[in-house]
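The exercises below are to be worked with the sequence and the coordinates side by side. Try each task before reading its solution.

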Amino acid sequence: MEKEREMEEESLKIRIFPDPVLKMPTAPVTCFDARLAAFVDKMRLTMEMHEGAGLAAPQVGVSQKIALVSFEGSLYVLINPTLLEQEGEQEGEEGCLSFPGIYASVKRPARIRVAAQDVTGQERVHQAEGFLARAFLHEMDHLNGKLFIEYLSNLKRGMIRKKMYKRAMGDDD
Ligand SMILES: [Zn+2]
């Protein structure tokens with residue numbers, strides 16, 4: 001109980017579409033200090049509390065190039081990530097903490113290589129395929145103000161937008 005209350009206090013507020021921060025450009029991280037580490041830790045806590053597979057800084061209102069992905073017990077910290085290579089194609093269902101209850105099938109590359117810095121500023125190259133590649137790409141899109149609904153047909157995207165606007169107006173049906 002105590003632990004739960006503590007987690008709630010420490011967690012960050014998730015920004016829900018159509019919050020404009022989700023579409024804003026992000027700045028690269030230049031200072032790898034204790035403040036960054038503390039922020040990344042809060043992001044991790046927030047992602048775990050909401051049972052997300054990933055979380056990008058704009059989703060908690062911070063326009064910086066920081067994203068997390070959680071997969072099979074591993075935590076990937078992607079700071080200033082860049083896509084080095086992509087190969088193949090896969091299609092699968094995606095959700096997003098900024099679109100509660102919305103799921104849609106999205107086409108993505110099947111295999112990728114990504115360079116990113118970790119929380120200490122050390123550069124690492126990650127290889128990912130399948131679900132992990134999908135999660136990396138989804139979170140990296142957030143850092144460019146791109147949302148998964150932008151891959152959908154106009155019709156499908158329109159339906160989701162309408163539902164989300166209604167939700168924002170407090171008319172949740
Ligand atoms: Zn998302």
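A residue is called buried if 20 or more other C-beta atoms lie within 10 Å of its own, exposed if 12 or fewer do, and partly exposed in between, the C-beta atoms being placed from the backbone. The model is predicted, and local features need pLDDT of at least 70, side-chain atom pairs count only at pLDDT 80 or more, and totals for chains, interfaces and linings use all residues. Residues are numbered from 1 along each chain as its sequence is written. Helices (H or I, at least four residues) and strands (E, at least two) are DSSP runs, numbered from the N terminus.

**Exercise 1.** Classify N80 and E51 as buried, partly exposed or exposed, and describe the backbone of each.

Solution. Begin with N80, which lies in strand 3 (residues 74-87). N80 has 19 C-beta neighbours inside 10 Å, and therefore counts as partly exposed. The phi of N80 is near 50 degrees, a positive value in a residue other than glycine. Because E51 has 8 other C-beta atoms within 10 Å, E51 is exposed. Its phi, near 55 degrees, is likewise positive in a residue other than glycine.

**Exercise 2.** Locate R15 and state which residues it touches.

Solution. R15 is found in the loop between helix 1 (2-10) and helix 2 (34-49); P18 lies in the loop between these helices as well, and the peptide bond from F17 to P18 is cis, with omega near 10 degrees. With 17 other C-beta atoms within 10 Å, R15 is partly exposed. Contact requires C-beta atoms, placed from the backbone, to lie within 7 Å. Leaving out residues up to four places away in sequence, R15 touches V21, L22, Q59, V60, G61 and S98.

**Exercise 3.** Which residues of the largest nonpolar core touch the most other members?

Solution. A nonpolar core is a set of buried Ala, Val, Leu, Ile, Met, Phe, Trp, Tyr and Cys residues joined through C-beta atoms within 7 Å. Of the 26 residues in the largest one, M43, A67, L68, V69, L78 and F136 touch the most other members. Helix 3 gives the most to this core, with six residues. Beyond residues up to four places away in sequence, the contacts of L78 include A67, V69 and F136. A second, separate core has seven residues, among them C96, F99, L147 and F148.

How values were computed: Two residues are in contact if their C-beta atoms, placed from the backbone, lie within 7 Å.
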